[in-house]
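Colleague: Before I use this model, I would like to learn how to read its features. Could you take me through a few of them?

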Amino acid sequence: MEILMLAYTIYLSFAGALVLAVLPRALGGLARVFALLIALSGFAVALAGYITAGAQGSVAIADLAWVPAMGIHYTLAADGISRVLVLLTGLAAVAGILFSWNIGEKDGDRANEFFAFFLALIGGVYGVFLSVDLFLLFVFYEIAIVPKYFLIAIWGSTRREYGAMKLALYSFAGSAMVLIGLLAAYATAGSHTMNLYALAQYPFPVSFQMWAFPLVFTGFAILAGMWPFHTWAPTGHVAAPTAASMLLAGVVMKLGAYGCLRVAMTLFPHGLDPWGVSFLGIDSWRTVFALFAVIGIIYGAVVALVQNDFKFVIGYSSVSHMGLVLLGLLTLTQIGIDGAVLQMFSHGILAGLLFATVGRIVYERTHTRDLGILSRMQLGKAMPFAAWLFVIAGMASMGLPGFSGFVAEVQVLIGAWKAFPWFAVVAGVGIVVGVAYTWRAMQRAFFSEATVLDVNGVSAPVHEYEPVTWAEKAGVILLAGTSLLIGLYPRLLLDVIAPAVQALPQALLTGGRP
Amino acid sequence: MNSLVNAVNYSNLFFLTLPETILEIVSLIVLIVDLSWLRKSTRAARMTAACVIGVLGCLVAAGWLYAHPQAAGIAGDALVSSPLVAAAQIGILLLTALVLLLSIDAEFSRNPGEFAAIVLLGATGMLLVTAARDLLVIFVALELLSLSLYVLTAFAKSSAQSAEAALKYYLFGGMSAALMLFGFSYLYGLTGTTNLTEIATALSAQRVSPLLVVALALVAAGLGFKVAAVPFHLWAPDTYQGAPAPVAALIASGSKVASFAVLIALTDGIIVSRPHEQSSIWVVLLAWMAAGSIILGNLGALVQTSVRRLLAYSAIAHAGYMLLGIAAHTPQSGAAVLYYALTYALTTVGAFGVIAIVERSAGSDRLDAFAGLSRRNPLIAATMLIFLLSLAGIPPLVGFWAKFNLFAAVLRAPSASYWGLPLVITALAASAVSLYYYLQVLKRVYVSKPPQNEHSQIAPLRVSSIEVLILTVIALAVVLLGILPSALSSWIPLG
């Protein structure tokens with residue numbers, strides 16, 4: 001029964017968004033409390049569904065004829081991958097609201113609008129992860145795109161209108177590519193169904209899959225931040241308000257990776273087949289995209305190494321980490337895809353934590369994100385909480401054993417070693433660079449030796465900042481605790497992910513080869 | 001012509017044209033009431049009376065159509081009645097009623113009676129165009145429609161822009177009507193009949209002649225003007241900008257629906273069932289016009305600073321999408337085009353309603369006039385959000401379903417096997433571009449700061465309750481039709 005409740009994650013979020021949208025502006029102070037309650041109940045439902053379903057396979061949740069004439073059904077189901085990502089969405093929603101607790105403290109914050117857009121976005125994300133009907137999936141996918149624009153353009157900072165528009169156009173271009181693929185698949189199959197599993201049974205001609213696969217995969221991968229279509233991600237992350245960066249990196253980029261696996265690779269597994277010709281070792285779309293993923297890993301890490309804006313460091317590190325997810329998916333091995341899904345979860349948590357530290361805890365108090373300026377602020381002494389938090393999150397993010405990132409990255413690398421040994425080596429180098437940029441950011445922001453001398457040549461006293469609020473502490477405990485828990489006992493997730501990966505279409509796991 | 005004279009069954013014809021007759025009579029009533037009893041009343045009272053009577057007339061006619069789904073068969077083959085035609089006609093009547101309701105508070109006219117009467121005459125033309133299956137009837141009905149719209153465009157007599165818009169519209173329109181009539185005369189010369197069904201039979205027995213190519217090109221030019229397709233679109237931006245807002249809404253809505261209905265009928269008439277060289281001429285013409293409209297419309301809209309011109313270019317792009325469906329010419333794609341035209345028209349009427357409100361308070365329709373609308377009036381801003389996102393094709397709004405249904409029909413059409421996929425890809429790529437300019441408006445509405453008066457207070461927006469009501473109803477319809485797209489399927493089959 002609890003598993004059927006998973007659908008309520010969607011309904012609760014949209015109902016909450018609707019209520020907040022019509023709430024009189026005078027009651028703006030209530031908005032954040034109401035939004036937190038909605039997010040908490042969504043998280044509770046997701047957790048209950050996760051626990052009840054255990055290691056079961058795909059569980060049907062709802063199935064109604066929506067547009068019978070077009071064969072479109074309102075079909076929801078959750079397999080292990082979906083349940084893990086729904087859980088992540090619940091966590092990210094709660095944490096996002098906790099870290100935007102300052103919105104609504106003063107008039108003119110437009111708090112009810114903010115939380116309405118926030119919950120609409122969350123509802124769309126839940127919907128994507130639970131949809132089995134491709135049409136429904138696409139509808140939720142687009143619902144998740146629009147609120148992002150407004151969240152960033154209205155409440156963002158640095159070049160917010162540019163960042164928001166860039167992000168919206170990239171996302172919409174990606175979804176147009178996806179729509180072309182879906183329309184073509186729908187028209188080709190001619191069977192008047194949009195059910196993912198029914199369509200996956202249809203033997204699409206290999207020549208059709210050869211162009212439909214790269215189109216749909218790229219469409220989704222744009223949202224996953226795949227190089228060279230990643231450029232929206234850093235600017236969008238930097239421009240976004242903290243909660244929106246957390247959601248963007250935490251769950252929205254996962255939508256892209258999820259779509260790559262669930263739609264592109266499942267529908268068109270033969271798109272991964274070798275072309276029959278090889279150019280510099282590139283012999284299929286699979287190697288093309290794996291190459292892009294590896295370039296993304298290295299490129300994101302190297303660019304993060306030279307950034308001066310603290311948030312850009314985290315933004316580019318997201319590109320790097322999402323490259324690992326895509327590489328894991330493209331290994332087409334059980335262990336690689338397991339690792340990719342786990343990495344989605346892990347990165348969702350850790351990116352949220354990092355953005356919260358940088359964008360909320362540090363920036364709200366110092367009002368700068370410039371590493372050069374921060375390095376003269378003695379933040380290690382002034383803000384020990386933030387400093388140690390960044391140390392923990394950074395360690396987890398660079399893949400220190402004991403945290404969730406380690407388990408995920410090791411699995412991806414093992415999978416990649418089997419499929420593309422050279423790429424695995426390069427990705428490993430990328431992880432090492434990841435240690436370097438995290439270390440550099442940490443050192444410059446918090447533990448710089450530079451002392452500030454005032455006009456008399458006396459070192460300036462350590463500045464007093466406002467104390468850490470309960471909402472910030474709660475959010476930190478939630479995210480860091482989850483990462484630690486998964487790192488120490490990864491089977492909590494892996495036992496659910498592995499059967500779901502095993503149940504993926506056989507054509508996919510055998511490397512697309514018949 | 002013979003069949004028309006011989007086979008007319010007058011009682012049949014009477015029932016078939018009853019909705020049109022109702023509109024004619026109501027337009028006379030509006031004139032009489034306005035010019036006799038209400039002569040001494042205030043302008044606002046006269047406008048309200050004229051519009052309300054007009055709305056009642058539209059509703060009665062729509063009700064009659066709804067209650068008698070297939071009342072009459074065919075009157076001498078010149079006019080037909082089918083569920084699809086009835087759906088388009090009911091749609092046109094409802095759109096006209098909405099436009100009249102939104103003009104109650106408009107202040108452009110000192111002659112309310114004449115305004116409402118001419119709107120109703122234009123609607124009569126639209127109904128006739130939709131049902132017509134004879135070249136002569138099509139031409140006469142299109143002229144009735146066009147002449148009404150020319151007059152209406154010039155109705156803001158104190159505005160030079162309105163006069164300029166009307167003159168441009170009239171000159172382009174007169175020219176294209178002449179071309180179309182010329183094309184019709186060639187078609188008649190080739191086939192010896194003005195009836196569309198008989199033209200189809202006669203054409204299928206002939207080989208392609210240069211004369212036929214000329215005739216079809218001329219007809220395409222005439223109808224291309226009505227739907228504002230490239231390269232016959234030049235009038236649209238100026239007319240949309242200069243015409244009074246309700247008139248622009250009527251041009252963009254009812255007139256579009258009627259023109260697409262007649263395009264579907266003509267395409268059925270020109271293209272015979274089996275694949276034939278003749279059909280390919282027409283399809284090639286339509287496909288090129290579609291591609292040009294999609295690309296030029298979307299690119300043109302990117303650089304506009306006037307929201308009306310922006311909507312005009314977006315209308316050109318939307319006409320391009322619909323032309324794709326007409327070129328595919330399957331029964332499904334015909335229905336899909338009609339569904340698209342009706343839902344697009346509904347959304348556009350709403351958007352023009354919002355523009356009218358903003359214009360009244362800011363005195364301009366420039367993008368900056370929309371700044372901070374969400375803080376001046378959240379409800380109106382929310383309706384604008386819904387309209388523009390629906391036009392951009394964002395689910396779950398109705399514009400998305402219309403697009404999906406249309407493009408799926410195009411891809412499935414056997415005749416579109418070569419050009420279908422490339423053009424659908426172009427259309428979807430262009431619609432990704434279109435999000436940019438819709439977001440330009442929405443950015444002003446939601447992100448920019450509202451203008452403030454000297455006390456640094458946000459200037460309030462003057463909105464009448466009827467406008468709020470109508471815009472809310474339209475927005476709700478756009479959302480509900482998006483969530484329950486099957487709701488219309490008893491009239492217009494989906495998929």
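Modeller: We will go through the core, the salt bridges, a hairpin and a surface patch. The model is predicted.

Colleague: Start with the core. Which residues touch the most other members of the largest nonpolar core?

Modeller: The general idea is that in soluble globular proteins, nonpolar side chains tend to be buried together. Here the largest nonpolar core holds 407 residues, and F217(A), L327(A) and F370(B) touch the most other members. Helix α5 (residues 134–155) of chain A gives the largest share of this core, 19 residues. For F217(A), leaving out residues up to four places away in sequence, the residues touched are M226(A), C260(A), A264(A), M265(A), F289(A), L326(A) and L330(A).

Colleague: Next, charges. How many salt bridges are there over all chains?

Modeller: Side chains of opposite charge can pair when their charged atoms come close. The count over all chains is 14. One of the bridges joins D495(A) and R491(A), with the closest N and O atoms 3.1 Å apart. Both residues sit in helix α20 (residues 491–502) of chain A, four residues apart, which is about one turn of the helix. D495(A) is partly exposed at 34% relative accessibility, and R491(A) is partly exposed at 47%.

Colleague: That one stays within a helix. Which parts does the bridge between D238(B) and R309(B) tie together?

Modeller: In that bridge the closest N and O atoms are 3.1 Å apart. D238(B) belongs to helix α11 (residues 235–242) of chain B and R309(B) to helix α15 of chain B, so the pair ties together parts 71 residues apart in sequence. R309(B) counts as buried because its relative accessible area is 19%, and the cut-off for buried is under 20%.

Colleague: And R360(B) with E467(B): how far apart are the closest N and O atoms?

Modeller: They are 2.9 Å apart. R360(B) is in helix α16 (residues 331–362) of chain B and E467(B) in helix α21 (residues 465–483) of chain B, so this pair ties together parts 107 residues apart in sequence. R360(B) is partly exposed at 23%, whereas E467(B) is buried at 3%. As for shared partners, salt bridges join E164(B), K168(B), D238(B) and R309(B) into one network.

Colleague: Helix α15 of chain B also holds Y313(B). Is Y313(B) buried or exposed?

Modeller: Y313(B) is buried, with a relative accessible area of 16%. Beyond its neighbours within four places in sequence, Y313(B) is in contact with P237(B), L296(B), G297(B), G300(B), A301(B) and Q304(B).

Colleague: Now the strands. How do β3(A) and β4(A) pair?

Modeller: In a regular strand the side chains alternate between the two faces of the sheet. In this case, strand β3 (residues 274–279) and strand β4 (residues 282–284) of chain A pair in the antiparallel sense over two bridges. P274(A) stands opposite S284(A) in β4(A). The two strands form a hairpin with two residues between them, and L280(A) in the turn has a positive phi of about 55°. Of the six residues of β3(A), the number buried is zero, so the strand lies largely in the open.

Colleague: Last, the surface. Which residues form the nonpolar patch?

Modeller: W417(A), W422(A), V425(A), V426(A) and V429(A) form the patch, with about 540 Å² of accessible area together. Helix α18 (residues 421–446) of chain A gives the most to it, with four residues. V429(A) is found in that helix and is partly exposed, at 42% relative accessible area.

Methods:
Residues are numbered from 1 along each chain as its sequence is written. Chains are lettered from A and ligands numbered from 1 in the order in which they are written. This is a predicted model: local features need pLDDT of at least 70, side-chain atom pairs count only at pLDDT 80 or more; totals for chains, interfaces and linings use all residues. Side-chain values use heavy atoms; hydrogens and water are left out. Patches are made of residues with over 30% relative accessible area and no salt bridge: like charges are joined within 9 Å, nonpolar side chains (Val, Leu, Ile, Met, Phe, Trp, Tyr) within 5 Å. Accessible areas come from the Shrake-Rupley method with a 1.4 Å probe; for residues, only the protein chains shown count as cover. A salt bridge is a side-chain nitrogen of Lys or Arg within 4 Å of a carboxyl oxygen of Asp or Glu. Buried means under 20% relative accessible area, exposed over 50%, partly exposed in between (1.4 Å probe, protein chains only). Two strands pair if DSSP finds at least two bridges between them. Contact means heavy atoms within 4.5 Å. A nonpolar core is a set of buried Ala, Val, Leu, Ile, Met, Phe, Trp, Tyr and Cys residues joined through side-chain atoms within 4.5 Å.
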